[in-house]
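Please give a short report on this structure.

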Amino acid sequence: MYQLKQFEFHVSDISSLLNADYKGRDILVNHVSRIGQETDHSVILCNPGQAAYLKKIKAECLVFCTKNTVVGNKNLSFIISTDPDVLFYRFINDYLVNETDYWFDEIVSEISPRFPGVIFGYNVKVGKNVIIATGTKIGNNCIIGNNVVIRSNVELGNGCVIKDNSVIGSAGFGFIRTDDGLLQIPQIGFIKIGNDVIIGSSCSIEKPTMGNTIINDNVKIDDLVQIGQNLQIGENTIITTGFKAETGVKIGADTFIGMGVTIISGEIEIGNNCIVGAGTVVLKSVPDGQIVYSHYTNVIKGGSDEKIKEAFSNFKKIR
Amino acid sequence: MAGFLDSIIKNQCCKTNRYINELLEKARKEFGEDSSEYKGIYHQYFKIPRNTKSLLKNRRHYEAEVSGTGIPHGIERLYRRSVVLDLLSACAAECVYCLRGYYDKFVLSGDQIKDVARYCGNDKFLQEVLITGGDPMIAPSKLKFLITELASVAPNIKIVRIGTRLPVQDPIMFDTSLFGFFESLKKRFIIEIGVQVNHYFELQEKTREIIGRLQVAGCRMYCQNVILKDVNDNLDALVKLYDEIRYLGLSPHYLFHAVPMIGTDDFRTSVQKGLDLIKQLETCGKISGRAKPFYALMTDVGKVTLYDGTIVGRQGNYILIKTNFKLSDRLLWNPSYKLPASAFLNEDNTITVKYLDGND
């Protein structure tokens, strides 16, 4: 979806673009490398634990690192930050990559004859074989992947990405047993998706019977996830692959849901700043700040800010 | 950008890139070091300015930043209908004479961009924005965000102008996703892209390709030029430049006299030489009337095109320039505007400004 552009920057310009200090010579850089694979003019990211290696580097490189990681090596220049990995990936996202253009059919602003009645924002990239229902609202700078289906009663904020083969607004799976068999409950609710949400490939976001399924700003959803009816997901929450949940579940903000988590009752609420470990079947609500795993009967520890930050540090993604 | 003359003089080293270095080498190989082509590149990017005592004091081309409670950073405003939005300070290469060389380093954040767009949408008189920097094309994601925000929250804005040198300074870095982006917005905005070109040799194949693709995307392309000593301050160089500009379908805009800013002494001809050149250019019969620019001065109070009666006198090294700008007007749309020390009001409330002449 994204590709690295050809680029050439002076270190002083990178410092300016990122509002960050730099140390060393104002060298030119023109490619990104992993530490250990650097060559002349590389940009690399160095964690504090790799500081000893920096002394050995013979190539002329720019290193993103913390102040304490800076070493005496004339070949190196440094962009210094308390959070170098964030700055490094921000630099890549904002200045070094663009979207590949081979996959999408058109860039839409406001209206498209292909999608009558759809209210587009500006600069919406739409892939091939996409179906979007009349009346759908899609914000600015969204990317709609190939084979995506967006059914009625859906609103999408700005800057959202829906990856290939996902269905937004699929009718929820609801039936009532009657004397005549199973009666389907019509799903006529709404799906509201905030700004900067990413929905992975082959996901299903279900439309509720009534009311709303709500995915708030900056939520990131992995591939192969099912978001059930009336689910509410708080800001900045990450949901990884294989997640499934019963109707009506609420998940707080800044929470991390591991692979294959299942929530089996609509009465359950996952709080803010929680981590739910991979494979957990959640049987009861999780208070704010808790880290839980397996069949949730035990709290392994109170989720201090430090622990949560550490756990989250492994899940940064390029957008 | 950002000529950062202090550091260039201190380090005796210019900030160029691979593309500019290759362009200079190409000029040397094909035309030799005495050629106009070689000098046209060398004097813009490689010539170390002399650190001499100078009458030049300005660190900005003019002071018009809009400030006040709730006013976001990055807005300059001299005119009623248009506003300058500075997105960032960085460029792909540094022209040593750059008029923004002494600006603070900055880049607008997402929230600041939203604030800037809201400011534009809240002023019904505004119809046009000029997005500049730095070079906004080196930050395409921020540029797209700013333009889509304007499209959403500033329905009064009809024209988006973008000032760039990236197609000339480093066309390889130009983000090709911008073509589709501009095309998708051509019903919402008139998009005008201004490219500064000072010598025809800067218009190489890759640059031409980008200009062509921007035109196909529906952008209206225009060109600004500066008379620079030893680059283009002769009739032949200007004729070639304006011919090429016309062949590429670029509209000629201003031909500026070099801005009086710290460090630009070596590049500045006299204003009279510029007048002589524009007169020759427009009457020599060598270029079409469709290719003729306006000769203009970037004064402390804004751009002034030279017409009969614009130059009203001389005070030592300074030329007196009579404008039709009115201070009372300026204060209407930019209450923080202050008349610079080099300017005074005439009886009819218009502004006359002193403009430092150059030397031939």
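E282(B) is partly exposed, with a relative accessible area of 32%. Partly exposed lies between two cut-offs: buried means under 20% relative accessible area and exposed means over 50%, with a 1.4 Å probe and protein chains only. The areas come from the Shrake-Rupley method with a 1.4 Å probe, and for residues only the protein chains shown count as cover.

This is a predicted model, where local features need pLDDT of at least 70, side-chain atom pairs count only at pLDDT 80 or more, and totals for chains, interfaces and linings use all residues. Residues are numbered from 1 along each chain as its sequence is written, chains are lettered from A and ligands numbered from 1 in the order in which they are written, and side-chain values use heavy atoms, without hydrogens and water.

**Helix 10 of chain B**

E282(B) sits in helix 10 of chain B. Helices (H or I, at least four residues) and strands (E, at least two) are DSSP runs, numbered from the N terminus. Leaving aside neighbours within four places in sequence, E282(B) is in contact with K292(B) and P293(B). Contact means heavy atoms within 4.5 Å. S89(B) is 193 residues from E282(B) in sequence and 35 Å from it in space, C-alpha to C-alpha.

Helix 10 of chain B covers residues 271–283, which is 13 residues. Its expected span is 1.5 Å times one less than its number of residues. That gives 18 Å, and the end C-alpha atoms are 18 Å apart, which agrees.

Which residues of helix 10 of chain B are buried? They are V271(B), G274(B), L277(B), I278(B) and L281(B). These residues cover an arc of only 120° around the axis, so they lie on the same side of helix 10 of chain B. The arc is that of the directions from the helix axis to the C-beta atoms. An α-helix has 3.6 residues a turn, so residues three or four places apart point the same way. On the other side of helix 10 of chain B, K279(B) and T283(B) are exposed. After the helix comes G285(B), whose phi is positive, near 75°.

**Chain B and the cores**

Chain B has eleven helices and 13 strands. Buried residues make up 61% of its 360 residues. Its accessible surface comes to about 14700 Å², and 48% of that belongs to carbon and sulfur atoms.

A nonpolar core is a set of buried Ala, Val, Leu, Ile, Met, Phe, Trp, Tyr and Cys residues joined through side-chain atoms within 4.5 Å. The largest one has 106 residues, and F9(A), F64(A) and F182(B) have the most contacts inside it. Apart from it lies another core of 46 residues, including V154(A) and C203(A).

**Strands of chain A**

Two strands pair if DSSP finds at least two bridges between them.

| Strands of chain A | Sense | Bridges |
|---|---|---|
| strand 10 (residues 104–108) and strand 12 | antiparallel | four |
| strand 12 and strand 15 (residues 143–144) | parallel | two |
| strand 19 (residues 167–171) and strand 24 (residues 204–207) | parallel | four |

K125(A) stands opposite I107(A) and also opposite I143(A) in strand 15 of chain A. V124(A) and V126(A) point one way from strand 12 of chain A, K125(A) and G127(A) point the other way, and all are buried.

An open sheet of five strands in chain A has the order 13-16-19-24-27, with parallel pairing. Strand 13 and strand 27 of chain A stand at the edges with a single partner strand each, so one side of each is left without a neighbour in the sheet. Within strand 24 of chain A, S204(A) is the bridge partner of V167(A).
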